[in-house]
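The following exercises are to be worked with the sequence and the model at hand. Each task is followed by a solution in steps.

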Amino acid sequence: MSGLNDRVLGLGLLVLAVAYGWVAQQWPEPFGGSHGMGPETFPTILSVILIIGSLYLMVKPDQDTPWPWGKTALELLFSVIVLVIYALLLEPLGFVISTTLTVGALSWRMGAAPRSAFLTGLISAVVVYGLFNYGLSLSLPAGLLEFN
Amino acid sequence: METLGFLIDGFAVALTPYNLMYALFGAFVGTLIGCLPGLGPANGVAILIPLAFTLGLPPETSMILLTSVYAGAMYGGRISSILLNIPGDEPAMMTCLDGYPMAQKGRAADALAISAIASFSGGLIGTIGLIMLAPVLAKFALTFGPAEYFALFVLAFATLGGITGKNPMKTVIAAALGIMISTVGIDISTGTQRYTFGVLELYEGIDFILAIVGLFAISELLFFVESRLGSGHKKVNVGKLTLSFKELISTIPSQLRGGVLGFIAGVLPGAGASLGSFISYTLEKRAVGKKGNFGSGDIRGVVAPEAGNNGAASGALVPMLTLGVPGSGTTAVLLAMLISLNITPGPLMFTQNADIVWGVIAALLIGNVLLLLLNVPMIGVFVRLLSIPPMFLLPIVTMVAFVGIYSISNSTFDLYFMVAFGVAGYFLRKLEIPLVPIILGLLLGPEMEKNLGHALILSDGDWSTLWSSPLALGLWVVAGLGLALPVIVGPLLRRRMKSAMTENPVSD
């Protein structure tokens with residue numbers, strides 16, 4: 001079926017819009033009553049607009065854009081995982097080590113030779129760390145490289 | 001002559017060595033952002049916002065820095081258009097048509113030089129237009145009440161898709177999503193917790209800066225990973241400058257026409273720089289007539305669109321500064337900077353923050369001069385940097401985005417959020433949901449709700465107040481047209497733009 005993308009998107013947005021609107025109706029009336037507009041008024045309007053929009057998408061979907069499958073999808077997943085791990089390890093490992101690994105891994109997967117990829121990572125990490133910690137006196141986490 | 005006095009004050013702000021240094025830095029970085037593939041102007045400015053923050057720059061310096069980057073990006077876009085036939089950013093698309101053929105004829109240096117000069121005159125004309133028009137519009141906007149503002153915000157969203165926009169319903173959906181995200185957090189007027197689900201980090205709402213950086217920077221990285229464009233381009237030889245003075249003089253009419261048309265296109269809601277350069281190019285072609293050899297390296301075909309897109313860039317600042325409603329992605333990001341500096345954009349800014357507004361305008365004039373100086377003699381540097389492969393560049397840009405977001409709050413929670421926004425941005429772009437309305441929704445959502453609330457309090461809960469004044473009604477009508485026109489005129493215009501591109505096939 002053509003237009004499957006938009007139909008699925010429309011369905012997802014419809015669920016979101018209804019949930020968003022329903023949550024808004026649960027809030028207690030603010031103290032002193034609402035003069036024309038309570039906390040739920042604006043979200044309710046938005047919810048209605050999004051419901052209309054999502055229904056439209058399901059009825060009149062655009063042509064599908066192709067999705068990446070197979071290897072490319074794995075590469076994408078890999079990149080996202082690398083970024084999450086970067087956020088996870090930034091403080092424990094410190095900026096320089098985690099950045100070298102992240103920039104290196106990403107460059108490598110984007111097609112650079114491993115050696116130059118990780119070298120780029122190391123250089124950019126050291127430069128940015130030096131710039132921030134000494135030039136601008138903003139501290140990035142030193143992590144394992146910290147000496148007290 | 002009041003304006004002149006303000007402008008002189010503005011120069012006093014912009015010409016301090018400290019601000020001048022940041023203007024120069026911004027102009028350089030901006031040109032770089034414009035010419036490097038994979039780093040659009042909106043994306044580039046967004047990444048710099050957290051850095052401007054953590055550096056603790058004063059508001060006028062931050063704005064001068066970002067405005068210079070913005071102006072610089074418009075200059076930079078032409079470099080890869082001319083040398084590689086790949087527009088560095090969208091408005092530079094039309095420059096490919098005659099710029100690349102010129103480069104192939106061995107006149108790359110001339111094309112780069114003349115386009116820098118055209119960019120300068122376009123930027124200058126646009127900035128002069130901005131100086132004349134902005135105070136008038138700001139004064140007019142002072143008569144707006146909350147109902148008019150609410151209608152104006154709706155208009156901004158309705159026209160954001162642009163006349164060439166594809167599916168206006170997707171713009172509406174994107175705007176609704178953006179505004180919905182902005183409602184997360186504690187409601188300002190009643191103190192109700194909305195959509196926080198008890199998560200402490202959500203009480204203050206979702207920081208739009210991390211949303212913007214995530215949506216733009218991270219999704220861009222993912223797009224490059226998908227399309228495997230990592231390897232970059234061969235180094236290009238620019239050759240010698242052979243541009244004669246006579247030739248330069250002969251292009252002056254094209255520069256003036258392009259700049260003025262571009263400025264007008266920039267001011268109009270929903271048109272923007274891309275349309276500015278398109279209109280300038282097509283009208284130039286018509287004005288010159290059969291005497292020109294457009295499409296095969298006519299110098300005026302380089303001059304007109306470049307003057308056009310730089311004129312439009314300054315023009316697009318008019319609605320952003322005077323009304324607080326940006327008309328393009330990059331000006332939306334500039335607005336984000338203003339809001340996070342605690343400056344309320346809109347007409348009052350011209351009286352309450354006159355030093356910032358006029359400092360920025362003066363910086364735009366100075367920035368154009370700096371850019372011309374940077375772009376003519378130093379073109380070789382940019383050309384060399386153009387050959388940096390994205391496979392090294394994009395991971396580093398992503399890292400800088402992480403550093404910026406991390407240094408705002410020193411919390412890794414924000415980083416996860418940013419990655420989540422990036423993944424969402426990737427999917428939305430795949431589904432052709434435009435990102436700019438989402439960002440505008442994030443920025444304008446709270447203001448919209450506030451104005452709606454004020455309007456309803458003033459009218460004692462009567463909703464018809466929203467369209468009772470003629471001005472408000474007019475704004476609603478234009479907003480309606482903004483949504484309806486793309487459906488009617490859009491396909492026609494898009495076909496024309498496409499046929500203009502294929503009519504002049506660039507021979508390899």
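**Exercise 1.** Determine the handedness of the crossing of α7(B) and α20(B), and classify their relative orientation.

*Solution.* In this predicted model, α7(B) crosses α20(B) in the right-handed sense. The two axes lie 7 Å apart, and the packing angle is about 50 degrees.

On α7(B) they include Thr171(B), Ala174(B), Leu177(B) and Ile181(B); on α20(B) they include Pro437(B), Leu440(B), Gly441(B) and Met448(B). Sorted by class, this contact holds 12 nonpolar and five polar residues, with no charged ones.

**Exercise 2.** Classify the orientation of α4(B) and α12(B), and sort the residues of their contact by class.

*Solution.* Helix α4 of chain B spans residues 59-84 and helix α12 of chain B spans residues 300-315. Their axes come within 10 Å and cross at roughly 165 degrees. Angles over 145 degrees count as roughly antiparallel, so α4(B) is roughly antiparallel to α12(B). The crossing of α4(B) and α12(B) is right-handed.

From α4(B), the contact takes Tyr70(B), Ala71(B), Met74(B) and Arg78(B). Their counterparts in α12(B) are Glu306(B), Asn309(B), Asn310(B) and Ala313(B). The division by class is four nonpolar, two polar and two charged residues.

**Exercise 3.** Describe the side of chain B that touches chain A, and name the helix that gives the most residues to it.

*Solution.* Begin with the totals: chain B contributes 50 residues to the contact and chain A contributes 51. On chain B, α7, α8, α18, α19 and α20 each supply at least two residues of this side. The greatest contribution comes from α18(B), with 11 residues. By class, the side of chain B that touches chain A comprises 30 nonpolar, 12 polar and eight charged residues.

**Exercise 4.** Locate Leu394(B) and decide whether this residue is buried or exposed.

*Solution.* Leu394(B) lies in helix α18 of chain B. Within 10 Å of its C-beta atom there are 27 others.

**Exercise 5.** State how chain A is divided and what distance separates the centres of its domains.

*Solution.* Chain A consists of domain 1 (4-59) and domain 2 (71-145). Taken over C-alpha atoms, the centres of these domains of chain A are separated by 40 Å.

Key:
Residues numbered from 1 in each chain as written. Chains lettered and ligands numbered in written order. Predicted model: local features only at pLDDT ≥ 70, side-chain atom pairs only at ≥ 80, totals over all residues. Contact = placed C-beta atoms within 7 Å. Helix = DSSP H or I, 4+ residues; strand = E, 2+ residues; numbered from the N terminus. Nonpolar A, V, L, I, M, F, W, Y, C, P; charged D, E, K, R; others polar. Domains from an automatic or database assignment. Buried ≥ 20, exposed ≤ 12 C-beta atoms within 10 Å, placed from the backbone. Axes fitted to C-alpha atoms, helices over the stretch in contact; angles between N-to-C directions. Parallel < 35°, antiparallel > 145°, perpendicular 65-115°, else oblique. Left-handed = near helix turned anticlockwise from the far one by under 90°.
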